[in-house]
2 protein chains.
Amino acid sequence: MPRISEKGRSMPASPIRKLVPYAEEAKRKGRKVYHLNIGQPDIPTPELALDALRNMQEKVIVYSHSAGNESYRRKLAGYYQGLGIDVDHTEIIVTTGGSEAVLFSFMTCLNPGDEVIAPEPFYANYNGFATAAGVKIVAVTSKIEEDFALPPINEIEKKITERTKGIIICNPNNPTGYLYTKEEMLQLREIILKHDLYLFSDEVYREFCYDGEKHFSAMHLEGTSENVILMDSVSKRYSECGVRIGALVTRNREVLDTAMKFAQARLSPPGLGQIVGEASIDTPQEYFDDVYNEYIARRDFMVEALNKMPGVYCPKPKGAFYSTVKLPVDDADKFSQWLLEEFEYKNQTVMLAPASGFYSTPGLGKNEVRIAYVLNTGDLKNAMEALAEALKVYPGKTK
Amino acid sequence: MPRISEKGRSMPASPIRKLVPYAEEAKRKGRKVYHLNIGQPDIPTPELALDALRNMQEKVIVYSHSAGNESYRRKLAGYYQGLGIDVDHTEIIVTTGGSEAVLFSFMTCLNPGDEVIAPEPFYANYNGFATAAGVKIVAVTSKIEEDFALPPINEIEKKITERTKGIIICNPNNPTGYLYTKEEMLQLREIILKHDLYLFSDEVYREFCYDGEKHFSAMHLEGTSENVILMDSVSKRYSECGVRIGALVTRNREVLDTAMKFAQARLSPPGLGQIVGEASIDTPQEYFDDVYNEYIARRDFMVEALNKMPGVYCPKPKGAFYSTVKLPVDDADKFSQWLLEEFEYKNQTVMLAPASGFYSTPGLGKNEVRIAYVLNTGDLKNAMEALAEALKVYPGKTK
């Protein structure tokens, strides 16, 4: 029997999926499981996007341009221009989800053995793409006591070695919900220019900024045209996770030309998703206002409910729809499994994402979980009630 | 300015795309360009597949399972069982086009530096995925004089080194249209078992077999469960190139488990494409009969027209919708560019794919082109007429 690859062997399993069999078993027992573990919003996809599909006139679903349909890229450039990001359609490669934008960025910019610095906790799938590209993610720890702000610049600089080629951030952040301030972004600007690094900026939650805070994009950083690579997606913006449409955006012409060769090898991004994505750009502001109000209500409810539970600390996130939360438990992995395997309250339980999978420093996040507030407030209320009960009776409770 | 990666630098540009600017320029001049260069069929997508999209009831386009929707995988398993390929839905990972199936296969099975043997000419994008995975494709030459039959087994064995981990075939073949016989497949079986190799079998043209010939799948080879990885796609089968739905199919459980980790990192294959793909499995036989008759007519017309031109040799392909054709020209790259830049006949010209891009041995294919008979016979007639005229007046004509 031929052997699988080293890469395959070291490829990390998704930390969120490990619990899936337990959740399935709980459901088989007839238990209601509230999914606070995944970033799949329940928000409807904009009607005009679904209509575009229903009214599709094409008789043959053909390959698109490898960079995506020009009509879509032109509209997308307009969307970015509206955000003060001055790019044109030739500076955009439409990708298969934000995922492919990360993969193309790594493949294009990094050699095997190179290092990319990431504030941890970070989106766990960066590890998968790093493994695929043979590169190493070097974590610099952000702390729950500081609500997961950017670690001090000298902490970041300490991590820089000869192999360091870039910094990757997710802003607003998954899994913490932290929104980087303009000042923090300017600190990052300084460091990437000083050390000639790429800044890979995952901004798929751009539309989810709260409390009047404005999103400051890496593309807004002056003098960084050659350094900044924006990785984007329609998945969260329009609740279109399944269409698998993202984008790699940069003003670095060499990166664009090279990423295009990877794009050409896989022929084209999904054609139907592009129809949806293109139509979505006309989504009216009311849609976003409704979504904003909904998430504010969910967040406020959740943060208050969590912080009322003894021993629990939940920072109030300013963006995205996650919070990384400290729980009074011995081990959040064990607790999350116990919730599915052994616990029920009124025949209900919750599924959480243990935070350990979002840290790369061993031992960190042991008593933290990521909670996605992607449920309506009614469900969220039941979920919080069940969680509060669980924390009362969990055998591995720490205080 | 940070440097791009070695991989990025060595990533091959698509041989088909090099001529695109010349074709665009010809069109700007008002010239009609017949595209014989790409495998984009003009055959309509099955109506029932488009209807499935139009009737979609979902309000939110959500992530699917990372391996693809179970309902689709179950139907797909039924499709394979109908072909005598005994697999169940757990042995299928739905991929983003056949492209991703190739990438996942290489990433899962091969270490950087490993070698995969491919009969050349071969589908040029294998090079791109090989570069992405850091592996080397080692060519064994199949010859136009033998209509591109599988090279003798001892020629293949000569290429085996300590780093050889697999053989990749495309059957029916792109770019030659050659259909491997059962005897040839049994020879491959022998060699993969003897040397403990993977057999990566790209069978996306399975439905396009002519003259009563039957397709013999690598999955039909007895005793090769651990070795054979099938890479498939709906692109050609149902003329759905743009939906980007493919599949990685294998009975090797370790490969499945490992490929799933790559699949999980990218979350899910396109959701809308899966709706189309699933509906397409019910496509009635008449659709395939019509397509078959259409391609037989195109092929027969084209092969006859080409072989009538002095100095041209076109094998009669038994599968797919390509033929790799010998032309009486000094350099098929130059000739193809000349066709677009300088030639016109009744204000028409043709775009061909120079075969050099499908060979990895330098110098081979210099006077060969790949022709895709994806146009209706009317257009094909005009294209052949223009090509015949071009060969009369081309300055680099060899006889």
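1. Start with the helix pair: A:L48, A:A49, A:A52 and A:L53 in α3(A) meet A:L272, A:I275, A:V276, A:A279 and A:S280 in α10(A), contact meaning heavy atoms within 4.5 Å. By class, that contact holds 8 nonpolar residues, 1 polar and no charged (Ala, Val, Leu, Ile, Met, Phe, Trp, Tyr, Cys and Pro count as nonpolar; Asp, Glu, Lys and Arg as charged; the others, Gly among them, as polar).

2. A caveat on the source: this is a predicted model, where local features need pLDDT of at least 70, side-chain atom pairs count only at pLDDT 80 or more, and totals for chains, interfaces and linings use all residues. Residues are numbered from 1 along each chain as its sequence is written, chains are lettered from A and ligands numbered from 1 in the order written, and side-chain values use heavy atoms, without hydrogens and water.

3. Back to the geometry: the axes of α3 (residues 47–54) and α10 (residues 271–280) of chain A come within 8 Å and cross at roughly 140 degrees. Axes are lines fitted to C-alpha atoms, for helices over the stretch in contact, with angles from 0 to 180 degrees between N-to-C directions.

4. Now the sheet: chain A has an open one of 7 strands, ordered β2-β8-β7-β6-β5-β3-β4 with mixed pairing. Strands pair if DSSP finds at least two bridges between them; helices (H or I, at least four residues) and strands (E, at least two) are DSSP runs numbered from the N terminus. At the edges sit β2 (92–95) and β4 (136–141) of chain A, each pairing on one side only.

5. Inside chain A, β6 (residues 198–202) and β7 (residues 228–233) run parallel, joined by 4 bridges. A:F200 has A:I229 in β7(A) as its bridge partner.
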